[in-house]
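Dear colleague,

I am handing over the structure we spoke about, and below it you will find some notes on what turned up in it. Please read them with the structure open beside you.

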Amino acid sequence: MTKLIDKILLSGKYGEKAIIFENEGRTNLNQQNYLNALFKPDLSLKTDFSEFAYFGGFRCAKSFSQQLVVYLLCTLYKHLKTLFVRDTYGQLESSVIKQFNDEFLPMGNYEYATTKRNANFDNKSFLSFRTFERDTDILSAEYDVICVCQIEDLTVDLFLQLIGRLSGRILPKPLLLVEGNPSVGWVKARYKDVSSDELAKKNIFAITNGKTSDNPFISEEYIIRVRNNSPAWWSARYLD
């Protein structure tokens, strides 16, 4: 039987942090499967896929999982060039950058340059946080890893331009990571309207059914309260 990652231990200059998928007898299987599709138990990178998608509802751990993968790659591989993209600057600053720094900056493995919006890692890897709304340098460099938050907010043309910048040579193969919650459009057609076998033929691994209830750190009472105060269509899309 293949051994699965059931815990990830992060080490930094200022301590350690354990990332676990289980709490009080519940396991986030989607999150665990996603991390295991990317990494071997020793956290060396698998090469089965080059594109990874994690879609699902509110607080199902898709965003954190992508940020964790980016952080791991930047710490495990020297001189990695990584790009984290979101559509608008306000969303990028208040969600992606804040969440990433709140979670990982205290570990002490990188310094964050606020003006340039770059995370400069001690091993010479760097992570740039960018948005098509404001930045003009996104498509003027090559990257080893590109991660897109809420990919359904991008046009297919911008998405294809991002793919064109994945030409780095640090990893066994450059990686594209995307997450969101598409209900219609090109993103749904690319990832959710096809079978896993069809995706695999294109070197794509996708989690398409993340639910809020996947997260073992979210209580059932919380989900019930949100559901009771939300329209049925909102619950169907963002909880289920």
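This is a predicted model: local features need pLDDT of at least 70, side-chain atom pairs count only at pLDDT 80 or more; totals for chains, interfaces and linings use all residues.

Leaving aside its neighbours within four places in sequence, Leu 175 is in contact with Leu 38, Leu 45, Phe 49, Ser 50, Phe 52, Leu 73, Asp 144, Val 145, Ile 146 and Leu 166. Cys 147 lies 28 residues from Leu 175 along the chain, and the C-alpha atoms of these two residues are separated by 8.3 Å.

The next residue to look at is Lys 62, which is found in helix α2 (residues 62-76). Lys 62 is buried and yet has no salt bridge, since the nearest side chain of opposite charge, that of Glu 179, is 4.7 Å away, whereas a salt bridge would need the charged atoms to be within 4 Å. A polar atom of the Lys 62 side chain does, however, lie 3.1 Å from the backbone oxygen of Gly 57. Not counting residues up to four places away in sequence, Lys 62 touches several residues, including Tyr 54, Phe 55, Gln 150 and Gly 180.

Finally, there is a pair of helices, α4 (residues 156-163) and α5 (residues 185-192), whose axes come within 9 Å and cross at roughly 55°, which means that α4 is oblique to α5. Where these helices meet, Val 156, Phe 159 and Ile 163 come from α4, while Trp 186, Arg 190 and Tyr 191 come from α5.

Note on methods. Residues are numbered from 1 along each chain as its sequence is written. Side-chain values use heavy atoms; hydrogens and water are left out. Helices (H or I, at least four residues) and strands (E, at least two) are DSSP runs, numbered from the N terminus. Buried means under 20% relative accessible area, exposed over 50%, partly exposed in between (1.4 Å probe, protein chains only). Lys and Arg count as positive and Asp and Glu as negative; His and the chain ends are not counted. A polar contact is a pair of N or O atoms within 3.5 Å; within protein, one must be able to donate a hydrogen and the other to accept it, and residues adjacent in sequence count only if both atoms are side-chain atoms. Contact means heavy atoms within 4.5 Å. Axes are lines fitted to C-alpha atoms, for helices over the stretch in contact, and angles run from 0 to 180 degrees between N-to-C directions. Angles under 35 degrees count as roughly parallel, over 145 as roughly antiparallel, 65 to 115 as roughly perpendicular and the rest as oblique.
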